[in-house]
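Open the model in your viewer and keep the selection panel at hand. Each stop below gives you something to select, then tells you what is there.

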Amino acid sequence: MAAPKVAVVGAGVIGLSTALCITETCPSCSVTVLSDQFSPNTTSDVAAGMLIPHTYPGTPIHVQKQWFKETFTYLFAISNSAEASEAGIHLVSGWQVFKNSPKEELPFWSDVVLGFRVMSKAELQKFPQHQLGHAFTTLKCDCPPYLLWLEKRLKATGVQIYTRKVSDLWELHGEYNVVVNCTGIGACQLVGDEKLFPVRGQVLKVHAPWVKTFIRDGDGLTYIYPGIHRVTLGGTREKENWSLTPDPGTTKDIFDRCCSLEPSLRGAQDIKVKVGLRPSRQHVRLQKEVLSQGGVKLPVVHNYGHGAGGFSVHRGTAKEAARLVGECISALQGSSSRAKL
């Protein structure tokens, strides 16, 4: 068969990195990215971009760890390259502190991040309300530059990128051999996924260049994540809340919570408020499906539902989605060669 045509629907971090992995694993493919929204208007643009995994209850831990490890390794290599600044990726050290002992003594990802250790008593003096904590170095991704860097990489490999609203995956049949669904919260409408729900996140982006160390409270509801130009303060987890309008009361609450961890933030300037809807479900939907109408088939690969942890595992799930696309193409090539016999 001629060069297989693959459409990736969605241009957040999952869609763009999946498209890139497909070009790397299936170089004979013609890949196109279709989306009605691109940076700076995606959910990914609001994300804090810290590589600290969130746990998916429905996914085996060893699988989550593999996704995180692949993502960390990939971004660490970029952070060690001349492209680090353009891609918005840098190492950041800091503390995760707890008022009560966490259920697990060590998180599953403790040997993937760098220099993970228990905090000393001297360090804990900074946090009088907390009784223990972990210190480590991880990676921080400033999301808008990273999305633009991914787009640039895609264009350099010949990927076509078009603004297009896809209302039904079947409308791509006839144009493409395989379709990859990376639409995040859009999959609620696009494929009618009732297991998917929004978790509203409101964050503040502030100018506080003296804050160099990240601080994360407990399970990560309150956090201070220094980026290259701005510090991200968070956050909220409001299940089933679809509102994209910033809430002033929530802004004050986030700011006060963060100042209780880092009082110097009272002097932060130029506070910008951002809201995003995390596409959440019990586990990431990462699977093949064959749509069929009137005996005609369209292979689809789904890769969405990453919730609050998309950046931490985006490269790992993109590699898996690309592998599934490869399986779809092999099946198509097998059936077309059988048809010739």
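**Stop 1: an aromatic cluster.** Select Trp 109, Phe 116, Phe 136, Phe 214, Tyr 223 and Tyr 225. Ring pairs link these six residues, Trp 109, Phe 116, Phe 136, Phe 214, Tyr 223 and Tyr 225, into a cluster. Bear in mind that you are looking at a predicted model.

Now keep Tyr 223 and Tyr 225. How are the planes of this aromatic pair arranged, stacked or edge-to-face? Tyr 223 and Tyr 225 are stacked, with 4.5 Å from centre to centre and 10° between the planes. Planes under 30 degrees apart count as stacked. Tyr 223 is buried, at a relative accessible area of 8%. Tyr 225 is buried too, at 5%.

Stop 2: For one of them, select Trp 95 and Phe 127. Their ring centres are 5.6 Å apart and their planes stand at 75°, so this pair is edge-to-face. Colour by secondary structure next. Trp 95 lies in strand E3 (residues 89-98), while Phe 127 lies in the loop between helix H4 (121-124) and strand E5 (132-141). The pair therefore ties together parts that are 32 residues apart in sequence. Trp 95 and Phe 127 are both buried.

**Stop 3: charges over rings.** Select Arg 315 with Tyr 74. The charged end of Arg 315 sits over the ring of Tyr 74, 3.9 Å from its centre. Then select Lys 239 with Phe 197. Here the charged end of Lys 239 sits over the Phe 197 ring, 4.8 Å from the ring centre.

**Stop 4: Leu 75.** Go to helix H2 (residues 61-79), where you will find Leu 75. Is Leu 75 buried or exposed? Leu 75 is buried, with a relative accessible area of 0%. Show what surrounds this side chain. Leaving aside neighbours within four places in sequence, Leu 75 is in contact with Leu 51, Ile 89, Leu 139, Tyr 146 and His 314. The C-alpha atoms of Leu 75 and His 90 are separated by 8.7 Å, and the two residues are 15 apart along the chain.

**Stop 5: an open sheet.** Switch to cartoon. Trace 6 strands in the order E6-E2-E1-E7-E15-E14; they form an open sheet with mixed pairing. Which strands stand at the edges? Strand E6 (160-163) and strand E14 (285-293) do, each with a single partner strand, so one side of each has no neighbour in the sheet. From one strand to the next, the twist averages 20°.

Strand E2 (residues 30-35) pairs with E6 in the parallel sense over 4 bridges. Select Thr 32 to see its bridge partner in E6, Gln 160.

**Stop 6: annotated positions.** An unreviewed UniProt entry lists Thr 43, Ser 44, Val 166 and Thr 183 under "binding site". Start with Val 166, in the loop between E6 and strand E7 (178-181). Val 166 counts as buried, at 10% relative accessibility. Beyond neighbours within four places in sequence, its contacts are Val 9, Leu 34, Glu 171, Leu 172 and Leu 190.

Finish on Thr 183, in the loop between E7 and helix H6 (187-190). Not counting residues up to four places away in sequence, Thr 183 touches Val 9, Leu 190 and Tyr 304. Keep Val 9 and Leu 190 selected: both contact Val 166 and both touch Thr 183.

How values were computed:
Residues numbered from 1 in each chain as written. Predicted model: local features only at pLDDT ≥ 70, side-chain atom pairs only at ≥ 80, totals over all residues. Heavy atoms only, no water. Phe/Tyr/Trp six-rings, centres within 6.5 Å; stacked < 30°, edge-to-face > 60°. Helix = DSSP H or I, 4+ residues; strand = E, 2+ residues; numbered from the N terminus. Buried < 20%, exposed > 50% of the residue type's maximum accessible area, 1.4 Å probe, protein only. Lys NZ or Arg CZ within 6 Å of the ring centre and 35° of its normal. Contact = heavy atoms within 4.5 Å. Pairing = 2+ DSSP bridges. Axes fitted to C-alpha atoms, helices over the stretch in contact; angles between N-to-C directions. UniProt positions renumbered as here; feature names shortened; annotations may be inferred.
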